Amino acid sequence: MRTRALFYIVLGSLILAALLVLDLVAHSYIAIAGPLFELVRAGIQGAAMMLFARAAGQFFFRSSPVSRVDELQPAAYWPVRLVERFAIILGASVLLALTPYLFTLSVRQVQTPPFKIEATSFSTVISIDILGFIWLLMLVGILLSFWRLIFVRQSSRFANRRFMAWIAATVALSLFWLWKSEGMLPPGRLLSIIHILFALGVGFTAILLGYRLPWLPHATREAKRRLLLFAALNTVLSIAALLAFAGDRMAADLLFERYALFWQTVAVATFATLAIYFTLVFISTLFSLSSTELVERKSAEVKSLAKLTRFSSDILSSELLLDLPKLAEQITALACEATESDCAWLELHSNTTTVGATTGAQFPPQNEEVIRSYIGIGEQAAERIMEEAEGFPEAGRQIESPRAELELSRKAFVLRRRISVRQYLFPTQQQSVENKELHSMVAVPLLRKDEVRGGLYVAKQREDGFDDDDLTVLTAFSDVASLALETARLLQDSIEKQKFDGELRAARIMQKSLLPERFPAVPGFDIYAISIPAYDVGGDYYDYSVLWDGSPVITIGDVSGKGISASIYMAETKGIVQSLAPIMASMAELLESTNGALLRNSPSQTSLRRSFVTLGLVAFGKKGIAYCRAGHTPLLHVNASGSVRFVQPRGMAVGLMGQELFSQAIEEVEIEAQPGDVLVLYSDGITDARNPAGEELGYERLGRFVAESRELRSRDLTLKVLQCIAEFTESGNFGDDATLVVMRAI
Amino acid sequence: MAIEQSNRGRFAVRETTPPESPVTAIALSGQLDAHTAPEFERFLEQRVRGERKMKLILDFHEVEYISSAGLGVLMGLIEEVRAAGGDMKLAALPDKIFHVLDLLGFPMVFEIFQTTNEAMDAFA
């Protein structure tokens, strides 16, 4: 790009250098003059100017074909900047008009037409050509800038037409002047009239160019102030330049006429045009000042709409959708900003769907969730306004509560006058705005499938701060916002649900692996166990471990509570018992140590978190079988003849009390078991199972079921008992974790 | 049966302290389970932490069911009450409720009385 521009400049300079040679030959030695010669000169100079223009186009007037929303603001200022730039170039022109006075030029005035000066030395010719060169550059700059200004925000077809008309008028005037100056045309009244007509033609086309200024309304108030200043300055500078180049006594006029007669006329016509143009700009700006506010508002609206639209497309693919509260905050902020309000707030109700049974189900969170976001206003104040229309005495007669009104009408509405929310406003923000009052507000419903789920509110301290356009914009915005919020909520739900399901599956697998698949052989016993959690994971467990002296111990455990928290506590308990057993001499000792360990690990003293575990242990020692009970249900003992008894040693649940009390409570009881006897450990989920009449299964029925099947192998016995229980409950549903461990003496 | 179901389980807790009595009597009724335990806990905490009432009698006469969560509430506050020189006594336990508490070893922790009046006398 740069090289090409440089190439143009060098080429243009070469052309002008060739002209210099021609000048040196022509004007100092052989005076060739005449319209044809001048026309050729003008053509050569025009070609050079064209090249300079292209170079300048590469350097200064390159603009990106793409403009973005963020650039809208500078774009509105752009024509104003062009006008400002004109002051520089016009100022430079005026200064250039004075430069001939810096040179000592030896010239003489030719007294016959075309009344031009003639250089009398080489150095003067060179000086004149160099000055002329600079002037041509300047003219290129002026014409280019003017051209740019004409095309700003115009349909290029119309602008082109007007500009072409102006160029035609100017060229016509210049040609006429050239011919006249060269003395080709006889002087006379007709000629003067034609001259004036051509000049009027330029003036008229100039007015056409300045008549319509499409970019002016877009300028802000500040920009218009600058415009006024610079338009006036440019007018003055244009007139000054006009005088400097057209005044008969001015050196600039004389020299430039000598160097480029045609272009000098063009320059003069251009300065006159610019004077007219900038006068028109000045006047138009002056008259459009009063409408600025309206325009500014409209442009702000357009901008906010653009922003809102961009926002809506942005959020559908952004991380905001994963963060519901932040999304709500963003929406509130945008609404506040877009309407230039002093405060805004949002309220959104979303009740998550209930999954699973109500009792003890952990997922999902059941309660209705309300998302709120406040900007520039406190929760209290917003609540008062929504609930009581506080501070809207006039509106209060028609609208009792904005919140209820939204739900009722499902349409946005404006409250235009008088609210005062003195001390409630801005409770956390800076003190200075604390006493401001709200005088107008807009409420927009957030809908989900025609159902009002909440509202978006914006309020201003100004009376009549909102008009119907704000209502339209906000309503459009609220549609998008509702959709985004709803999407975010659904997304959040499904992600949590998915995550939860995944974790639950993992927990279930893990917990299942915590239970022994098969018991190691205990001499003389046939053992089978089963555990059925009420939900995906449970708080019951059974296990096998070995004490210090090598006696096998069967453990059954029941953690208070159900579900995940219980299952975690259960895993912890199992781990403790499992690891302590091999270094414990007795079951009582094992339970005491377990109690101590669990109490130490107990997370908090908050009563509801205070979980406890009941444990039932059966040890198959060398001296015999014993049962030890830490708060667990009594051991069921059915002997071979079918008599049933429940063995209930003293005991206390693990995790309730300190060591001293616990140790006093624990007791081991020996069990005499003959071959054919059945010992059953069970959790209270079994005995508490209810039939549809609400009756509990109870000890007696359990004992009977076991007694009736006492001759079966332990596995079949277990399944048979479960079947009996299922028949009793008629649903097979325990409502609690249920565990059975059947030990049959053989 | 449906009616019975709906009447059952409605948990309620109310203060029945006689006038001028230094001991706070509280009567419970219905099902004290995982859902109603938080309500019970708030009520008890308000008495103990809010009103600093450390001599409490809980009357279980009309309680139909108590789950581990309900028992957790009792366990959660007993140490605090005792540390403040007070006590929490249980009265009028239905057989079934007593059986549950007995299995868990609660009689070792709480004093249990046949009636609220007996418990009142024990405080005196």
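These notebook entries record what I looked up in a predicted model with chains A and B.

**Entry 1. Chain A overall**

I began with the secondary structure of chain A, which comes to 21 helices and 17 strands. I then looked up burial: of the 746 residues in chain A, 41% are buried. I also checked how far apart in sequence the contacting residues lie. Among contacts in chain A with a separation of 6 or more, 72% join residues 24 or more positions apart.

**Entry 2. Helices α4 and α9 of chain A**

I next examined a helix pair in chain A, α4 (residues 122–151) and α9 (residues 261–288), whose axes come within 11 Å and cross at roughly 40°. An angle under 35 degrees would count as roughly parallel; α4(A) and α9(A) are therefore oblique to each other. I noted the hand of this crossing as left-handed. On the α4(A) side I listed A:L136, A:L139, A:I142, A:L143 and A:F146, and these meet A:W263, A:A267, A:T270 and A:L274 of α9(A). Sorted by class, this contact has eight nonpolar residues, one polar residue and no charged residues.

**Entry 3. Nonpolar cores**

I asked which residues have the most contacts inside the largest nonpolar core. They are A:V618, A:V680 and A:V741, in a core of 105 residues. The largest share of this core comes from α3(B), with seven residues. As a general note, nonpolar side chains in soluble globular proteins tend to be buried together.

**Entry 4. Where chain B touches chain A**

I turned to the interface, where 17 residues of chain B are in contact with 22 residues of chain A. Three elements of chain B each give two or more residues to its side of the contact: α2 (37–50), α3 (68–83) and α4 (95–104). Which element of chain B gives the most to this side? It is α3(B), with seven residues. By class, the chain B side has 12 nonpolar residues, four polar residues and one charged residue.

**Entry 5. Helices α2 and α3 of chain B**

I then looked at how α2(B) and α3(B) pack: their axes come within 9 Å and cross at roughly 15°. This angle makes α2(B) roughly parallel to α3(B). The crossing of α2(B) and α3(B) is right-handed. From α2(B), the contact uses B:A37, B:F40, B:E41, B:L44 and B:V48, and from α3(B) it uses B:A69, B:G70, B:G72, B:V73, B:L77, B:E80 and B:V81. I counted these by class as eight nonpolar, two polar and two charged residues.

**Entry 6. Positive phi in chain B**

Last, I checked for positive phi in residues other than glycine. B:E20 has a phi near 70° and is found in the loop between β1 (12–15) and β2 (24–32) of chain B. Is B:E20 buried or exposed? B:E20 counts as exposed because it has 5 C-beta neighbours inside 10 Å, and 12 or fewer is the cut-off for exposed. B:R52 has a positive phi of about 55° and is found in the loop between α2 and β3 (55–66) of chain B. With 9 C-beta neighbours inside 10 Å, B:R52 therefore counts as exposed.

How values were computed:
Residues are numbered from 1 along each chain as its sequence is written. Chains are lettered from A and ligands numbered from 1 in the order in which they are written. This is a predicted model: local features need pLDDT of at least 70, side-chain atom pairs count only at pLDDT 80 or more; totals for chains, interfaces and linings use all residues. Two residues are in contact if their C-beta atoms, placed from the backbone, lie within 7 Å. Helices (H or I, at least four residues) and strands (E, at least two) are DSSP runs, numbered from the N terminus. Ala, Val, Leu, Ile, Met, Phe, Trp, Tyr, Cys and Pro count as nonpolar, Asp, Glu, Lys and Arg as charged, and the others, Gly among them, as polar. Axes are lines fitted to C-alpha atoms, for helices over the stretch in contact, and angles run from 0 to 180 degrees between N-to-C directions. Angles under 35 degrees count as roughly parallel, over 145 as roughly antiparallel, 65 to 115 as roughly perpendicular and the rest as oblique. A crossing is left-handed if the near helix is turned anticlockwise from the far one by less than a right angle, and right-handed if clockwise. A nonpolar core is a set of buried Ala, Val, Leu, Ile, Met, Phe, Trp, Tyr and Cys residues joined through C-beta atoms within 7 Å. A residue is buried if 20 or more other C-beta atoms lie within 10 Å of its own, exposed if 12 or fewer, and partly exposed in between; C-beta atoms are placed from the backbone.
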